[in-house]
Amino acid sequence: MRIPCGTAARAAVFLCPLLLALVMLQADSAGAQQLDALVLTPLAVENGEWIVRPEQPTSFRFLGSGFVSTMSVIFTYSDSTCAGERHDPATVSTADFSATGATVNVVISESDSRPNYVCINDVHQGTGPTKSFVALAESSSSDLIPLPVQIVIIFVLLGLSGLFSGLNLGLMALDNNELQIVSEVGDPKEAEYAKKIMPLRRRGNLLLCTLLLG
């Protein structure tokens, strides 16, 4: 059976745009980048979150699909859109690159406890601990002890220092002969004190070393 030329032309006019739209839709879906997880290299995890140090080169391993070496990667604080506050763009390494895995290098300039999320070609890649990280500065040694505790320790040490300095002057200035005389013919209260001090003063070297160590 032959199809009239007019009917074939009308069918072609109707089908061609439909076929072209299907091809374009398939190409768009095949080229979309989808991030399933990011892995920090080397590993640095605190409280179940990836931790990045500001002002230091950082590398992530992206795992997903549809990756291309020319894709644009940006990190944002927003958990839903790429239009919020953003960091400088990251660079995609061509080494060990594939459509399902890519290495991304970035330097985060500021420390912030808010999570950073991933945008690829201005498309937000979702939330979750496997798709975000936190940029935190390293804690200094002085932060290990809270400031109020440091102040209390300083005053306690100052008090002990004064105590041992006074004991050093007071005890080492006493003479064994004077203590012996006071314990025998002195006031009963002073004699009692002298008898308690005499055993310590007889071991002068040990007493001096103890006071100096204190």
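Residues are numbered from 1 along each chain as its sequence is written, and side-chain values use heavy atoms, with hydrogens and water left out. Because the model is predicted, local features need pLDDT of at least 70 and side-chain atom pairs count only at pLDDT 80 or more, whereas totals for chains, interfaces and linings use all residues.

Secondary structure elements are DSSP runs numbered from the N terminus, namely helices (H or I, at least four residues) and strands (E, at least two). Strands are taken to pair if DSSP finds at least two bridges between them. An open sheet of four strands shows antiparallel pairing in the order β1-β4-β7-β6. Its edge strands, β1 (34–41) and β6 (91–98), each pair on one side only. On average, neighbouring strands of this sheet are turned by 30 degrees against each other, direction ignored; the axes are lines fitted to C-alpha atoms, for helices over the stretch in contact, with angles from 0 to 180 degrees between N-to-C directions.

Within this sheet, strand β7 (residues 101–107) pairs with β6 in the antiparallel sense over four bridges. A hairpin through two residues joins β6 to β7, and S98 has G101 in β7 as its bridge partner. Strand β4 (residues 57–65) is joined to β7 by seven bridges, and the two run antiparallel. Here the bridge partner of F60 is V104 in β7. Burial is assigned from relative accessible area (buried under 20%, exposed over 50%, partly exposed in between; 1.4 Å probe, protein chains only). Five of the seven residues of β7 are buried, so β7 is largely enclosed by the rest of the structure.

Strand β10 (residues 132–135) is covered on both faces. S132 and V134 on one side, and F133 and A135 on the other, are all buried. β10 pairs with strand β3 (residues 49–52) in the parallel sense over three bridges, and with strand β8 (residues 112–120) in the antiparallel sense over four bridges. F133 in β10 stands opposite W50 and also opposite N116.

A search of the whole structure finds one disulfide (a pair of cysteine sulfur atoms within 2.5 Å). The disulfide is formed by C82 and C119, with their sulfur atoms 2.0 Å apart. The link of C82 and C119 is left-handed, with -105 degrees about the S-S bond. The two cysteines are 37 residues apart and link distant parts of the chain, C82 lying in the loop between β5 (73–76) and β6, and C119 in strand β8. C82 counts as buried because its relative accessibility is 8%, and C119 is buried with a relative accessible area of 2%. By contrast, C209 is partly exposed, with a relative accessible area of 44%.

On the surface, L144, I145, V149, V152, I153, V156, L157, L160, L163 and L167 form a nonpolar patch with about 870 Å² of accessible area together. Accessible areas come from the Shrake-Rupley method with a 1.4 Å probe, and for residues only the protein chains shown count as cover. Patches are made of residues with over 30% relative accessible area and no salt bridge, like charges being joined within 9 Å and nonpolar side chains (Val, Leu, Ile, Met, Phe, Trp, Tyr) within 5 Å. A salt bridge is a side-chain nitrogen of Lys or Arg within 4 Å of a carboxyl oxygen of Asp or Glu. V149 lies in helix α2 (residues 147–172) and counts as partly exposed because its relative accessibility is 39%.
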